[in-house]
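The exercises below ask the reader to work from a sequence and a three-dimensional model.

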Amino acid sequence: MKSKSVIKTINWLVPIFILGLIIFNSTIEALVLAAAYFIYRIIVDMSKIYSYLAIKNYSKGNLKKARKYYKKAYEAKVKELPIVASYAYLLILLGEYDQAEEVLNFLESMKPEGKAATSLMLCNAVLKWKRDKNLIAALAKVEAMDETMRNQWYYNVYAKLCIFSGNIEKAKEAAIKGYEYLKTNPVAVENLLIIHCINAEYDKALSAAEKLINGKKNMKASSQDAYFYSALAYEMNNDFETAKKLYVKALQYENTTMTYIDKQIVLKKAGEYMK
C-alpha cells in the first residue's frame with residue numbers, strides 16, 4: 001500500500017535528518033524535529049496502541065472493553081489492516097453481524113494482501129456461517145482458499161469450523177498444522193485441547209491444558225472453552241482441586257458465537273464443585 005511505503009520512508013529518513021542536525025551543531029532544530037517526529041509517531045501508532053489495549057482486555061475475557069478499543073483502533077487516522085480484520089472478527093464473536101459486514105466491506109475496499117487478505121476471507125466465511133446459518137458453505141469457502149493463504153489463523157479457524165461440523169478427524173489435522181505453525185499460539189493449543197477431550201484422550205488433553213494454564217502471558221487461556229476443557233482434562237486425571245478452580249474461572253468468560261461448550265454445562269460443572 002502506498003501510505004505504508006510513505007510511512008516507512010519517513011521512519012528511516014527523519015532519524016537520519018535529526019542525527020545530521022546534531023552532528024552539525026543544530027541542536028535546537030534537532031529538538032524541534034525530534035518533538036514533531038514524536039507527535040507524528042503517536043498519531044501513526046494510535047491504531048497499534050488501541051489494538052494492544054483491546055488484546056489485553058480480550059485475554060482477560062472482557063470482550064466489551066476489547067470491542068471499545070478495537071473500535072478506536074478502527075477509527076484512527078492510520079489504520080493497520082490486520083487490526084481492522086481483528087475488529088471485524090470480534091464483532092462476529094459478539095454477534096454484531098451487520099457491523100462486522102460494514103467493517104469487512106471497508107477492509108475489502110482497501111485491497112488487502114497477504115495476512116490481511118487471508119483474514120478477510122476467513123471473516124467472510126465465518127460471517128456466512130453465523131448469519132446465514134450455513135456451515136457447509138462456510139467450510140467450502142475456507143477449503144477453497146489457496147495454499148499460499150493458509151497461515152496459522154487459517155488453520156485455527158478451519159479447525160474450529162470442523163469441530164462444529166462434527167468432522168473431528170479433519171479438525172485434528174487442521175489443529176495439528178496450526179500448532180506446528182506456531183507452538184506458542186494459545187488458540188492452536190485450545191483447538192487440540194477440545195479435540196482431545198472430544199476423543200476422550202485425556203492424557204493428551206492434560207498436556208495441552210498445562211500449556212494453557214501454566215504458560216507464559218502470551219500463551220495463557222483466554223476463553224470459556226479453554227478454561228472449561230482444561231478443567232475437564234484435570235478432572236479426568238484426578239486433579240479435582242485444579243479442576244474446581246478452572247471450572248469456576250470458565251464462568252468469568254463470556255460466551256461468544258464461536259464458543260463450543262454450552263453455557264449450561266459450564267454452570268452445572270462449576271455448581272457441582274461449589275456446593
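The model is predicted: local features need pLDDT of at least 70, side-chain atom pairs count only at pLDDT 80 or more, and totals for chains, interfaces and linings use all residues. Residues are numbered from 1 along each chain as its sequence is written, and side-chain values use heavy atoms, with hydrogens and water left out.

**Exercise 1. Overall architecture**

Determine how many helices and strands the protein has, and what share of its residues is buried.

Solution. Begin with the secondary structure, in which helices (H or I, at least four residues) and strands (E, at least two) are DSSP runs numbered from the N terminus. The protein has 14 helices and 0 strands. Next, apply the burial criterion: buried means under 20% relative accessible area, exposed over 50%, and partly exposed in between (1.4 Å probe, protein chains only). Of the 275 residues, 47% are buried. Finally, consider contacts, defined by heavy atoms within 4.5 Å. Among contacts with a separation of 6 or more, 56% come from residues 24 or more positions apart.

**Exercise 2. The packing of α3 and α4**

Describe how the axes of α3 and α4 are arranged, and state which residues meet between the two helices.

Solution. Two packed helices are described by the angle between their axes and the distance between the axes. Axes here are lines fitted to C-alpha atoms, for helices over the stretch in contact, and angles run from 0 to 180 degrees between N-to-C directions. The axes of α3 and α4 come within 9 Å and cross at roughly 145°. The crossing of α3 past α4 is left-handed, a term used if the near helix is turned anticlockwise from the far one by less than a right angle (right-handed if clockwise). On the α3 side, L63, A66, R67, Y70, K71, A73 and Y74 take part; they meet I83, V84, S86, Y87, L90 and L91 of α4.

**Exercise 3. Aromatic rings**

Find how many aromatic pairs the structure holds, then characterise the pair formed by Y74 and Y87.

Solution. Rings of Phe, Tyr and Trp (its six-membered ring) pair if their centres lie within 6.5 Å; planes under 30 degrees apart count as stacked, over 60 as edge-to-face and the rest as tilted. The structure holds 13 aromatic pairs. In one of them, Y74 and Y87 lie 5.4 Å apart, centre to centre, with 40° between the planes, which makes the pair tilted. This pair links distant parts of the chain, with Y74 in helix α3 (residues 63-75) and Y87 in helix α4 (residues 81-93), 13 residues apart. Y74 counts as buried because its relative accessibility is 14%, and Y87 is likewise buried, at 1%.

Now turn to the cluster: ring pairs join W129, F164, F228, Y229, Y247, Y260 and Y273. A charge sits over a ring if NZ of Lys or CZ of Arg is within 6 Å of the ring centre and within 35 degrees of the ring normal. K130 places its charged end over the ring of W129, 3.7 Å from the centre, and also lies over the face of F164, at 5.2 Å from the ring centre.

**Exercise 4. The surroundings of E190**

Decide whether E190 is buried or exposed, and identify its polar partner.

Solution. E190 lies in helix α10 (residues 186-198). Its relative accessible area is 8%, so E190 is buried. A polar contact is a pair of N or O atoms within 3.5 Å; within protein, one must be able to donate a hydrogen and the other to accept it, and residues adjacent in sequence count only if both atoms are side-chain atoms. The side chains of E190 and S223 make such a contact, at 2.9 Å. Beyond neighbours within four places in sequence, E190 touches K160, L212, S223, D225 and A226.

**Exercise 5. Y154 and helix α7**

Solution. Y154 belongs to helix α8 (residues 152-165) and is buried, with a relative accessible area of 1%. V142 is one of the buried residues of helix α7 (residues 135-143), together with L135, A137, A138 and L139.

**Exercise 6. Positive phi values**

State what the phi values of K111 and K133 are, and where each residue lies.

Solution. Most residues other than glycine have a negative phi. K111 has a positive phi near 50° and lies in the loop between α5 (97-109) and α6. K133, with a positive phi of about 55°, is in the loop between α6 and α7. K111 is exposed at 67% relative accessibility, and K133 is exposed at 72%.
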